[in-house]
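Hi there,

Here is the structure I promised to pass on to you. Have a look at it first, and then read my notes below.

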Amino acid sequence: MHLTRMVGVVVLTAFCSLSHAACPNPATIQLQLNASIICVFVEDTALNKQQPRLRAWIDRSAHIVADYYGQFPAPLVVIRLRGMDGSGVNGGRTTNDGGLMIQMRVGRETTAEMLAADWVLVHEMVHLALPEVGRNHDWLAEGLATYVEGVARAQDGNRQVADVWAEDRNSMPKGLPRAGDGGMDQSSSWGRTYWGGALYCLQADVAIREQTANRVGLQTALRAILKETGGYGNEANIGDVLRIGDAATGTHVMYGLYEQIRATPQTPNLDLLWTLLGVPTDPLTQPFDDRAPLAAIRIAITAKPSGAATPGVPGAAGAPGEPSVRKN
């Protein structure tokens, strides 16, 4: 469930003052990335014994997101980790009820290798980079987090490029409209919200690169949106947000595509898109077609931007299972 809560000026002002200080309370783990502070509270005795691997996991995830956006997308964020039986990471939720917070559950038997392959924390941290645009536009918030997670991890060497395209090819059809569906702003199903939103991001990325001779893509637009809006600690009109992205790329792609899909269901030809990009039917076992018309764009999307920081620690590929919940 996505619940919306309006954040007043007083709350934002108080939070801004905290962002220039240390953690509001003594944290189990405290990390700093340039001017950003991450305060981690481990709320489980058994889990607390895994502090070194938890620190490495959070630090790696934060650097992946910071590398993608050119900066970590929040001056201060609290992460609360609750333990659970078994292994794995589950139940991600990002909130802004008086301060940015990510809440997650981590299995007490989770290994360092499992944490290296985790996608959930990167997904939640990506939410920090988009301002609150209203519950009718959850598809943009969740779609961005779904799309950027794969691309950012691939750019940082934390996920196999083939695995990213395999998941996109297999899962983006879940985001296509079904009989009776309206446009994206009228759709609330899991598939449309997560994978319909991710499909919007891919279409925008490809179109921006086509119109700029592959000079810039969605990443440039998202960096500008974060810089101009301040991210999830603030509220903004979706049209204004998308126009910021368009201004940064010198195109009208993000807002123009939104105008097409906001109230009218659209069913793009995905088979044609994969062919143009050179994505095979099974990217994990079949070669990509580097002679395809848009192969250079496909390669550029997951390539490390020039002048970017050193890649993060490589890890095994991971793929989303249960949807995370974004709430403000």
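**One side of a helix, and what lies around it**

In helix α11, which spans residues 253-261, the buried residues are Val253, Met254, Leu257, Tyr258 and Ile261. They sit on the same side of α11, because they cover an arc of only 125° around its axis. The spacing makes sense: an α-helix has 3.6 residues a turn, so residues three or four places apart point the same way. Among the elements that cover these buried residues are α6, α8 (190-211), α9 (218-229) and α10 (238-249). Do keep in mind that this is a predicted model.

Next, the cores. The largest nonpolar core has 84 residues, and Ile38 and Leu81 have the most contacts inside it. Helix α8 gives this core its largest share, 11 residues. There is also a second, separate core of 6 residues, including Ile37, Cys39, Phe41 and Leu76. Beyond its neighbours within four places in sequence, leucine 81 is in contact with several residues, among them Val40, Phe41, Leu54, Trp57 and Met104.

Is glutamine 155 buried or exposed? It counts as buried, because its relative accessible area is 6% and the cut-off for buried is under 20%. What does its side chain reach? The side chain of glutamine 155 comes to 3.4 Å from the backbone oxygen of alanine 303, and a polar contact of 3.0 Å joins it to the side chain of glutamine 219.

Enjoy exploring!

Conventions:
Residues are numbered from 1 along each chain as its sequence is written. This is a predicted model: local features need pLDDT of at least 70, side-chain atom pairs count only at pLDDT 80 or more; totals for chains, interfaces and linings use all residues. Side-chain values use heavy atoms; hydrogens and water are left out. Buried means under 20% relative accessible area, exposed over 50%, partly exposed in between (1.4 Å probe, protein chains only). A polar contact is a pair of N or O atoms within 3.5 Å; within protein, one must be able to donate a hydrogen and the other to accept it, and residues adjacent in sequence count only if both atoms are side-chain atoms. Helices (H or I, at least four residues) and strands (E, at least two) are DSSP runs, numbered from the N terminus. The arc is that of the directions from the helix axis to the C-beta atoms. Contact means heavy atoms within 4.5 Å. A nonpolar core is a set of buried Ala, Val, Leu, Ile, Met, Phe, Trp, Tyr and Cys residues joined through side-chain atoms within 4.5 Å.
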